[in-house]
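Reader: Walk me through this model, please. I want each label set against its cut-off.

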Amino acid sequence: MRVALIGFGNVGKAFIRLIYDKRAIIEKNGISLEIISIFNSRGGMYCHKGIPLNELIDTIESNDAIENSAFYNSLLDIDYVIENGNIDMAVIVTPTNIITGEPGLTYITKLLSKGINVVTGDKGPILLKYNELKSLAKKNNCNLGIGCTTGGALPSINTGLIDLAGANITEIKGVLNGTSNYIINEMEENNLTFQEALTKAQVLGIAESNPTLDIGGYDTATKLVIIFNALLTNNKTLKDVSISGISKITKEEIQFGKSTGYKYKLVGKCKQVCGDWELTVALEKISFYDSLYNVDGKNKAVQFKTDTLGDITVMGGASGTTPAAASLLRDIINMKKGINFIDY
Ligand SMILES: NC(=O)c1ccc[n+]([C@@H]2O[C@H](COP(=O)([O-])OP(=O)(O)OC[C@H]3O[C@@H](n4cnc5c(N)ncnc54)[C@H](OP(=O)(O)O)[C@@H]3O)[C@@H](O)[C@H]2O)c1
């Protein structure tokens, strides 16, 4: 399998390390995986016979820039590689832009138009154009894996597509943002103010220096829209979601909730109201009897209500760049096993 990797940041590097460490399992799954091209924002690497993985690992381990590699060319054109690289699979881990979807959207569109399979962690293109991209993949007889976009290791999309097959989903409810959940949990367990908990999360590298997307509820809303559109074949956008974040909650409210047997969680929810789907992201008081009650710390979970399979909650999955890379590998292996993600 000839693979191009677009984006060589935290997840891109973790992906290379992972496929090196997991080469025996990958081979056992009948995949002979070669990285033939890697791009970052300044150019790329290309080797028709496959870039030696040990050389890439050395570059990553020594924190050397890929620009110093003999295979790197700042003038290398992605279009050239898409046209002439004989690629079977592209892994897209470019930065998420929820307004334009770029640069990932253009790359994914070109790759699917050429009949090249794509797995992506970039949420922007999937949030904005999933149905169009799915149609393009169908038209060109290739596959599109999006499992990494909705919680990385948490198998939210796969559970909905594969394990709920044949059932109608009547409600989806999820704790989908580990950073917000960590902050709330710190306020609850260590009696911190919102600001103290946020600062702690930033010091530990759990929250970004600009935490707006996480604490404002936009990351949860993005994942919710992607899950909803993928599983209910719909076309919702962020504008269809009523979004509120966690920054207004006080430690007194959280402590009062705790003393009365409730925990606050930032919940993304899709439910039917008078025959129409309503999508919301808001803080909810979760009772002890709800399976989301035990989703603590950076943990995530998604709960499906269905007509015939009952209620199913999937919880956990590690956070971080290696689990995110592992969710990309999971999609690649499942594609090789014959799962056609776009036909479900
Ligand atoms: N981090 C996680 O745990 C996680 C989990 C699930 C999903 N994701 C998603 O995975 C994606 C990657 O995350 P990350 O943490 O690896 O981000 P990152 O560290 O910022 O890396 C992004 C990479 O994309 C490259 N890039 C930017 N513009 C490009 C362009 N026009 N053409 C080609 N490459 C370009 C960057 O190049 P330079 O190196 O030149 O800047 C960089 O190598 C994001 O969309 C994120 O939302 C991340």
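Reader: Where is the place of Asn63?

Author: Asn63 sits in the loop between helix 3 and strand 4 (72-73). Helices (H or I, at least four residues) and strands (E, at least two) are DSSP runs, numbered from the N terminus. The model is predicted: local features need pLDDT of at least 70, side-chain atom pairs count only at pLDDT 80 or more, and totals for chains, interfaces and linings use all residues. Residues are numbered from 1 along each chain as its sequence is written, and side-chain values use heavy atoms, with hydrogens and water left out.

Reader: Why does Asn63 count as exposed?

Author: Its relative accessibility is 71%. Exposed means over 50% relative accessible area, buried under 20%, and partly exposed in between (1.4 Å probe, protein chains only). Asn63 therefore counts as exposed. Asn63 also has a positive phi of about 55°, although it is not a glycine.

Reader: What is the phi of Asn141, and where is Asn141 found?

Author: Phi of Asn141 is near 60°, a positive value in a residue other than glycine. Asn141 is in the loop between helix 6 and strand 7 (144-145). At 73% relative accessibility, Asn141 counts as exposed.

Reader: What kind of peptide bond joins Glu102 and Pro103?

Author: A cis one, with omega about 5°. Pro103 lies in the loop between strand 5 (89-92) and helix 5 (104-113).

Reader: Now the helix pairs. How are two packed helices described?

Author: By the angle between their axes and the distance between the axes. Axes are lines fitted to C-alpha atoms, for helices over the stretch in contact, and angles run from 0 to 180 degrees between N-to-C directions.

Reader: Why are helix 6 and helix 11 called oblique to each other?

Author: Helix 6 (residues 123-139) and helix 11 pack at an angle of about 50°, with axes 9 Å apart. Angles under 35 degrees count as roughly parallel, over 145 as roughly antiparallel, 65 to 115 as roughly perpendicular, and the rest as oblique. Helix 6 and helix 11 are therefore oblique. Their crossing is left-handed. In a left-handed crossing the near helix is turned anticlockwise from the far one by less than a right angle; clockwise is right-handed.

Reader: Which residues make the contact of helix 6 and helix 11?

Author: Helix 6 brings Lys123, Ile126, Leu127 and Tyr130. Helix 11 brings Asp219, Thr222, Lys223, Val225, Ile226 and Ala230. Contact means heavy atoms within 4.5 Å. By class there are 6 nonpolar, 1 polar and 3 charged residues. Ala, Val, Leu, Ile, Met, Phe, Trp, Tyr, Cys and Pro count as nonpolar, Asp, Glu, Lys and Arg as charged, and the others, Gly among them, as polar.

Reader: What makes helix 1 oblique to helix 3?

Author: The axes of helix 1 (residues 10-21) and helix 3 (residues 53-61) come within 10 Å and cross at roughly 135°. That angle makes helix 1 oblique to helix 3. The crossing is left-handed. Lys13, Ile16, Arg17, Ile19 and Tyr20 of helix 1 meet Leu53, Leu56, Ile57, Ile60 and Glu61 of helix 3. These divide into 7 nonpolar, no polar and 3 charged residues.

Reader: Back to helix 11. Is Lys223 buried or exposed?

Author: Lys223 is buried, because its relative accessible area is 8%. Lys223 lies in helix 11. Beyond its neighbours within four places in sequence, Lys223 is in contact with Lys123, Thr149, Thr150, Gly151, Leu176 and Asn177.

Reader: Why does Thr222 count as buried?

Author: Its relative accessibility is 2%, so Thr222 counts as buried. Thr222 is in helix 11 too. Not counting residues up to four places away in sequence, Thr222 touches Ile98, Lys123, Leu127 and Leu238.

Reader: Why does Gly43 count as buried?

Author: Gly43 has 7% relative accessibility, so it counts as buried. Its place is in strand 3 (residues 43-46). Gly43 and Leu76 are 33 residues apart in sequence and 5.7 Å apart in space, C-alpha to C-alpha.

Reader: What joins the side chains of Asn235 and Asn131?

Author: A polar contact of 3.2 Å. The term needs a pair of N or O atoms within 3.5 Å; within protein, one must be able to donate a hydrogen and the other to accept it, and residues adjacent in sequence count only if both atoms are side-chain atoms. Asn235 lies in the loop between helix 11 (218-232) and strand 9 (241-243).
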